[in-house]
Amino acid sequence: MSYVIGIDLGTGSVKGLVVNQAGKVVLEAAENYPLYHPEKGYSEQDPADWLNGTKQVLKRLIKKMPELKEQLEGISFSGQMHSLVLLDHNDQPLRNAILWNDVRTTKQCEEITEILGEQLLVKTKNLALEGFTLPKLLWVKEHEPDLWTQAAHFLLPKDYVAFWLTGNKQMELSDAAGTLLLNVMDQKWDLEIADAFGITHELLPTLVSSIDKVGTINKSLCEELGIKNSVEVFAGGADNACAALGAGIINQERGLCSIGTSGVFLAYEGIEEQQYQGKLHFFNHVIPKAYYSMGVTLAAGQSLTWFKETFAKERSFDDLLHGARKSPIGANGLLFTPYIMGERTPHVDSQIRGSFIGIDASQEITDFTRAVLEGITFSLRDAQVLMETVAGKRFKEIVSVGGGAKSDLWMQIQADIFNTKIVTLKTEQGPGLGAAMLAAVGCGWFKTVEECAATFVDYDREYFPDEKAAMQYEKIYHLYAQVYPQTRELCHQLK
């Protein structure tokens with residue numbers, strides 16, 4: 001039996017999945033690492049923690065499955081996007097990595113927008129937001145000039161781990177799309193953008209596709225891990241793109257709704273260019289020559305967690321969600337907007353804040369809980385509407401993953417609000433499974449990622465929209481959409 005390993009390099013931990021040729025996850029392990037906040041709005045990690053965490057995960061997997069020493073064929077990666085790893089001429093990190101959720105770069109984003117103008121969207125297909133990599137590079141250039149003069153290369157997290165494993169430096173396209181330095185449609189570094197901001201061409205690594213082999217595990221690490229055969233390493237992909245692959249989002253008739261701390265509504269775009277004007281992210285996919293679009297709700301599951309911890313700390317999530325069944329569609333006239341951390345799609349507004357609209361004395365906590373569930377889903381519906389109106393999409397089904405997929409009530413709310421069939425996965429492994437699939441294709445187990453998905457992705461429960469409920473929700477959604485423009489000015493003044 002042969003195996004591949006998918007490594008998912010997340011913000012709080014690294015996870016490894018061992019998958020066999022039948023697509024079954026036979027073993028997994030994880031290792032946590034710290035997050036540093038040296039100042040308000042700063043978010044950093046030590047790249048050495050990623051390497052140590054990955055090594056510990058591999059050691060744990062091999063200890064539990066000694067046959068991996070001879071039967072492991074390939075490794076690939078999923079990684080947190082955007083986070084900056086700046087290397088010196090000896091390939092050593094010059095500083096902690098500045099992460100995707102670091103917000104120190106507002107000034108640099110304004111500079112990028114002003115200098116590039118309309119060319120920003122034409123070239124990169126995305127707006128300049130604090131999470132992207134180019135603003136981080138410009139921040140280091142301005143605030144840490146001594147380090148900047150020593151900079152020789154920059155990488156993203158998973159590409160840095162691949163470099164550690166193989167000794168080869170490169171950056172994979174689906175991750176490079178989140179730097180604001182890639183011409184997304186041409187799939188090449190945009191040297192005009194680099195020149196406009198004084199980014200030397202030498203800083204830009206070689207670009208590769210997700211299933212490209214980038215090397216083999218180096219000899220010294222093989223000896224340390226006890227690996228006896230040559231293990232191929234493949235480039236991998238950005239976390240959301242890998243999560244989409246792991247959920248079988250490989251055609252335009254199927255969407256993805258992912259509810260974690262934040263929420264994502266994602267669609268496969270094929271090879272076609274779309275003009276979302278920055279209201280949706282538009283990135284290169286891990287599927288060769290393809291693209292995907294993505295809307296983001298900044299506080300999806302976080303809104304439910306905030307509500308529980310603030311108003312029902314003593315109650316479990318299961319208890320709250322079970323109680324919400326008692327509340328009817330529309331939560332007895334209560335609307336919730338999940339803007340407690342600002343919002344990304346479709347408003348791109350860091351100052352907007354959440355609200356409950358329509359509170360009256362007859363409502364109970366069951367109504368408030370249901371309003372939160374509905375409000376989060378309405379926010380994700382915003383992305384669906386953009387995809388339908390701009391690109392003409394018509395989803396036949398939506399794969400729901402994350403916290404929302406654990407609740408039958410929330411699944412039915414999604415089916416009714418999206419007015420689309422909802423399906424869940426039998427085994428939800430997220431980006432790590434997508435990474436393992438890329439390794440499986442790279443090793444030649446399958447000719448295409450589509451063939452791999454047919455074996456590796458297995459669906460479970462189905463929820464169908466109720467026609468009457470969908471009509472009710474459509475009316476409520478139009479009311480929900482009016483809350484943002486009515487409250488925007490007030491929220492900005494309160495800030």
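## The annotated residue

At 21% relative accessibility, D239 counts as partly exposed, because that label covers the range between buried (under 20% relative accessible area) and exposed (over 50%), worked out with a 1.4 Å probe on protein chains only. UniProt, in an unreviewed entry, gives D239 the feature "active site"; its positions follow the numbering used here, feature names are shortened, and annotations may be inferred rather than shown by experiment.

D239 sits in helix α11, which covers residues 239-246. Helices (H or I, at least four residues) and strands (E, at least two) are DSSP runs numbered from the N terminus. Setting aside residues up to four places away in sequence, D239 touches S78, G79, Q80, M81 and P431, where contact means heavy atoms within 4.5 Å.

## What you're looking at

This is a predicted model, so local features need pLDDT of at least 70 and side-chain atom pairs count only at pLDDT 80 or more, while totals for chains, interfaces and linings use all residues. Residues are numbered from 1 along each chain as its sequence is written, and side-chain values use heavy atoms, with hydrogens and water left out.

## The nonpolar cores

Now for the inside. A nonpolar core is a set of buried Ala, Val, Leu, Ile, Met, Phe, Trp, Tyr and Cys residues joined through side-chain atoms within 4.5 Å. The largest one here has 130 residues, and L86, L134, F154, L181, I199, F265 and F456 touch the most other members. Helix α14 (residues 365-391) gives the most to this core, with 10 residues.

Take F154 as an example: leaving out its neighbours within four places in sequence, its contacts include L84, V85, L86, M171, L181 and W189. There's also a second, separate core of 40 residues, with L9, A29, L87 and I217 among its members.

## Empty spaces

Rolling a probe the size of a water molecule over the atoms shows where empty space is left. On a 1 Å grid over the protein atoms alone, a cavity is a set of points where a 1.4 Å probe fits but cannot get out; a pocket is an open set with protein on both sides within 12 Å along at least five of seven lines, and lining residues have an atom within 4 Å of a point. Grid points are joined across faces, edges and corners, and a volume is the space filled by probe spheres set on the points.

A search of the whole structure turns up one cavity of 30 Å³ or more. The largest cavity holds about 30 Å³ of space, and its lining includes K279, H281, R344 and T345. That lining splits into three nonpolar, four polar and two charged residues; Ala, Val, Leu, Ile, Met, Phe, Trp, Tyr, Cys and Pro count as nonpolar, Asp, Glu, Lys and Arg as charged, and the others, Gly among them, as polar.

The second largest pocket has a volume of about 350 Å³. Of its 19 lining residues, L304, F317, L321, G403 and K406 lie nearest its centre. Helices α12 (301-311), α13 (317-324) and α15 (408-418) each give two or more residues to that lining.

T345, from the cavity lining, is joined to P346 by a cis peptide bond, with omega near 0 degrees. P346 lies in the loop between β20 (335-337) and β21 (355-357).

K289 is in the loop between β18 (281-284) and β19 (291-297) and counts as exposed at 65% relative accessibility. A331, in the loop between α13 and β20, is buried, with a relative accessible area of 0%.
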